[in-house]
Amino acid sequence: RIPGTEIEYSSHPIPLFAPICRRACSGSDLNESDNHSEAISRALDVIHSVDAESHRCIETVTRQVVTFSTMDGESFATLAAHGAIFLRTPSDCDEVFFVEDLAHQCGHLLFNAITLDRSELIAIEPNTPLGKLTGNSHEERTLHVILHGVFTECLMALILSGALEADLFEGRQRHELQGRLSLIMRRLQLDLNRIRDLEVFTPAARDLIESFEEVFDGVYDRGKAGITSCDLRNQPYTFCYRRFAALNPLPLTSD
């Protein structure tokens with residue numbers, strides 16, 4: 001168990017999940033990671049202190065956390081193993097990494113739980129590629145997938161910004177937290193722009209999208225300077241602090 005929770009934890013491959021993991025990681029088997037249960041516990045404590053309701057929801061839907069180390073694939077959650085999340089851990093990860101990745105992957109569990117009937121949100125085939133509607137041939141996500149993405153981006157933005165505003169981290173960790181928030185906010189802005197004017201969503205989905213807009217506006221208004229000042233030109237899809245620090249040196253403080 002992750003300390004302080006009823007969530008099962010594994011840092012080594014579980015045979016039952018092997019076929020699921022190979023599909024998610026380009027055919028690769030998962031490698032055992034270091035034991036991160038204490039860091040995950042600390043990250044959950046941060047989430048609880050920032051947003052107790054989100055923490056309650058996360059603990060309600062999350063049954064198992066699996067950490068892994070492999071060169072292929074990213075962290076993921078899937079309906080094929082609903083209740084479990086799979087976190088790819090970089091060598092230098094600590095609770096700051098887990099605050100974001102728990103919000104991200106547990107956010108997928110939450111959205112799967114509350115959108116069992118996809119027709120309640122999307123008036124056409126939910127698996128319609130977004131690019132088919134926007135004319136962007138490079139956009140491969142479906143309508144349902146991008147709603148998933150915006151939901152998790154909002155949850156990450158709320159929790160990361162809350163941790164910053166509460167001064168829960170300092171030094172390098174706060175610097176990393178700011179970079180992660182900036183990247184998520186820019187992704188959220190782009191995704192909201194992609195779906196805002198699509199006339200394929202039900203009234204229930206429009207209400208959700210309106211709430212997503214409110215999250216973006218609120219987080220941006222409270223932290224505009226820190227969000228816009230970050231140079232993210234060298235960032236891959238998954239945030240890399242080493243690259244971030246190369247373009248955004250840690251501010252020096254005087255004693």
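**Entry 1. Pockets**

I began with the largest pocket, whose volume is about 1400 Å³. I note that the model is predicted: local features need pLDDT of at least 70, side-chain atom pairs count only at pLDDT 80 or more, and totals for chains, interfaces and linings use all residues. Residues are numbered from 1 along each chain as its sequence is written, and side-chain values use heavy atoms, with hydrogens and water left out.

For the terms, I worked on a 1 Å grid over the protein atoms alone; a pocket is an open set of points where a 1.4 Å probe fits, with protein on both sides within 12 Å along at least five of seven lines, whereas a cavity is a set of points from which the probe cannot get out. Lining residues have an atom within 4 Å of a point. A volume is the space filled by probe spheres set on the points, which are joined across faces, edges and corners.

I counted 49 residues in the lining of the largest pocket, and Glu-74, Ser-75, His-104, Tyr-237 and Thr-238 lie nearest its centre. At least two lining residues come from each of β4 (76–77), α4, α6, α7 and α9 (241–247); α7 gives the most, with 10 residues. Helices (H or I, at least four residues) and strands (E, at least two) are DSSP runs, numbered from the N terminus. By class, I found 17 nonpolar, 16 polar and 16 charged residues in this lining. Here Ala, Val, Leu, Ile, Met, Phe, Trp, Tyr, Cys and Pro count as nonpolar, Asp, Glu, Lys and Arg as charged, and the others, Gly among them, as polar.

I then looked up the second largest pocket, which holds about 190 Å³ of space. Its lining has 13 residues, of which Ser-54, Phe-151, Cys-154, Leu-155 and Leu-158 lie nearest the centre. The elements α3, α6 and α8 each supply at least two residues of this lining, which divides into nine nonpolar, two polar and two charged residues.

Leu-158 counts as partly exposed because its relative accessibility is 32%; buried means under 20% relative accessible area, exposed over 50%, and partly exposed in between (1.4 Å probe, protein chains only). Leaving aside neighbours within four places in sequence, Leu-158 is in contact with Val-50, Val-215 and Val-219, where contact means heavy atoms within 4.5 Å.

I placed His-108 in helix α4 and found it buried, at 17% relative accessibility. Not counting residues up to four places away, His-108 touches Ala-77, His-148 and Thr-152.

**Entry 2. Nonpolar cores**

Which residues have the most contacts inside the largest nonpolar core? They are Phe-98, Leu-102 and Phe-201, in a core of 59 residues. The elements giving two or more residues to this core are α2 (37–50), α3 (52–61), β5, α4, α6, α7 and α8 (203–228), and α6 gives the most, with 13 residues. A nonpolar core is a set of buried Ala, Val, Leu, Ile, Met, Phe, Trp, Tyr and Cys residues joined through side-chain atoms within 4.5 Å.

Beyond four places in sequence, I listed the contacts of Phe-98, among them His-36, Ala-39, Leu-87 and Cys-93. Another core, of 11 residues, lies apart from the largest one and includes Ile-20, Cys-21, Leu-30 and Val-66.

I placed Asp-94 in the loop between β5 (84–88) and α4 (95–114). Is Asp-94 buried or exposed? Asp-94 is buried, because its relative accessibility is 13%. Its side chain reaches the backbone nitrogen of Val-96 at 3.0 Å. Outside four places in sequence, Asp-94 touches Ala-39, Arg-172 and Gln-173.

Asp-167 is in the loop between α6 (143–165) and α7 (171–195) and is exposed, with a relative accessible area of 56%. I noted its positive phi of about 55°, although Asp-167 is not a glycine. Most residues other than glycine have a negative phi.

Finally, I found His-144 in helix α6, buried at 4% relative accessibility. Its contacts beyond four places in sequence are Phe-111, Asn-112, Thr-115, Arg-118, Ile-122 and Pro-126.

Methods:
Polar contact = N/O pair within 3.5 Å; in protein donor to acceptor, adjacent residues only side chain to side chain.
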